[in-house]
Amino acid sequence: MMKGKIIVVGIGPGSKDDITPAVVSALGVADVVVGYHYYFQFVQAYVSPECQCVDTGMKKERERAQQAFDLAEQGKTVVVMSSGDAGIYGMAPLICEMASERDSDIDIEVLPGISAFQKAASLLGAPVGHDFCVISLSDLMTPWEKIERRIHAAAEADFVTAIYNPKSNGRYWQLYRLKEIFLQWRDGNTPVGYVHQAGREEEKVCVTTLKDFDPEDVDMFTVVLIGNSQSYEWHGKMVTPRGYKRAQAPSQPPRGEEKSHPDGNASHSTLHASRSSLPLGETGRGPGQSIMMESFRRIRSELSNLEVPLWKLWPMIHAIHTTADFEMENLLYSDENAVPKIFEAMKDGRVSCIITDVTMAASGIRKVACQRYGIEVKCYLQDERVADMAASQNITRSQAGIRLAVEEHPDALFVFGNAPTALMELCDLMRKGKAHPVGIVAAPVGFVHVCESKYMVKSFLHVPKLIIEGRKGGSNIAATLVNSILAWDDAQELKPGRDV
């Protein structure tokens, strides 16, 4: 039998003008063309009438490769298609891997194609004029922890960075996290370009800045390019010089250093005065409150940064007081004015219930303060319906508790001090429009899915949030952050412990 052959081709991003002559020739001599069914519309004009077309669905890459080898071993010339370039997140690596696994002697040829990021770059101008990298945000085959390390490395090393697979229905928060990381290393005015359906009829080209870039504007058919420190926008185009000829951007402040947030509202003012001149407030009404006030005074005197707005300082000191851990200065994330926004909702009667993921978090929330605003604290973990739901739906009990809670209290303040799966469940329900929290306190603790759950919730920009970033957290911290919200009236004088 005549020996067959496999030719792996990249058909470009979607336009017939972007298919190379070598690929057109290969399609013309193919006995069989194997590929994802969506791609055949771009190559039908080039295949012979006798050619067999084997189309498969999404995520069937391994099946395609196996079919290609089976057909080539029958003596056929088989073309395997990828969009863009077959070697960049395409079929070429899988075909070569499978050849090794099968110990196959089938001839394999790889023909390059114009990649999606190259097409997007040409439409954006000249954004890839210096060292660059390409990162896929899909975690189907790569753990998120490794992807995040690569993002940090690319941002720190000042690479122009192209982003593949930036977003999908189930992968919505990763691009927010990427933006957050890049803003640690790049100026907010760094140009960002993104192209939807590059080379196709639905093509859309946009140029913005890193600080104004909205992840909600992109989808899985979009390629995003982030400039380096030298990149600039010129007449709606992105330009990255071939060398570092202009002045370097200001160096990044050390991690953990806070940037000031001017606030014109006197009640939400920023702490600028020296430690010795800050008012402590009058003596507490009981020994418990007096001790807490003295503790707050000592904590405040040891803070590394005084340029902290009161809406962040108040919960920060509560968190440090509860843990004796000054790392909370860096770990506490707060949306702007999150505490006063949630407090005003409490005062206005828009919060009737606080939902916690575990009973320990509920037990630490001050009941006297809740009674003052007519708020009930509930945890569904011990609800008799939870065990049945968890078993029947193959989810954790904490997830089941949140599902029940959302059915009965979709507008509650949700508080998490233990279970990342519960926080992820709330995020999923918010994405589906079933949950509308007035606020979220996110402090799950542990090693599995903990960081990811916090990145997820951070992407809901319209919901005021307090988050303990990283692996740390716990029910005690979650409860104390809620208590800081309940006591916001006492923040201006830094007079904690009214309900102790």
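Student: Why does C206 count as buried?

Tutor: Keep in mind that this is a predicted model. C206 has 17% relative accessibility, and buried means under 20%, so C206 counts as buried.

Student: And what makes C96 partly exposed?

Tutor: Its relative accessibility is 42%. Partly exposed lies between the buried cut-off of under 20% and the exposed cut-off of over 50%, so C96 gets that label.

Student: What makes strand β1 mostly covered?

Tutor: β1 spans residues 5-10, and five of its six residues are buried.

Student: How do you know that β1 pairs with β5 and β4?

Tutor: Pairing takes at least two bridges. Five bridges join β1 to β5 (residues 107-111), running parallel; one of the contacts puts I6 with its bridge partner I108. With β4 (residues 77-82), β1 has six bridges, also in the parallel sense, and V8 stands opposite V80 there.

Student: Which strands form the open sheet, and in what order?

Tutor: The order is β6-β13-β12, with mixed pairing. β6 (125-126) and β12 (232-234) are at the edges because each has a single partner strand, which leaves one side of each without a neighbour in the sheet.

Student: What joins β6 to β13?

Tutor: Two bridges, with the strands running parallel. At least two are needed, so they count as paired. Here A126 stands opposite V239.

Methods:
Residues are numbered from 1 along each chain as its sequence is written. This is a predicted model: local features need pLDDT of at least 70, side-chain atom pairs count only at pLDDT 80 or more; totals for chains, interfaces and linings use all residues. Side-chain values use heavy atoms; hydrogens and water are left out. Helices (H or I, at least four residues) and strands (E, at least two) are DSSP runs, numbered from the N terminus. Buried means under 20% relative accessible area, exposed over 50%, partly exposed in between (1.4 Å probe, protein chains only).
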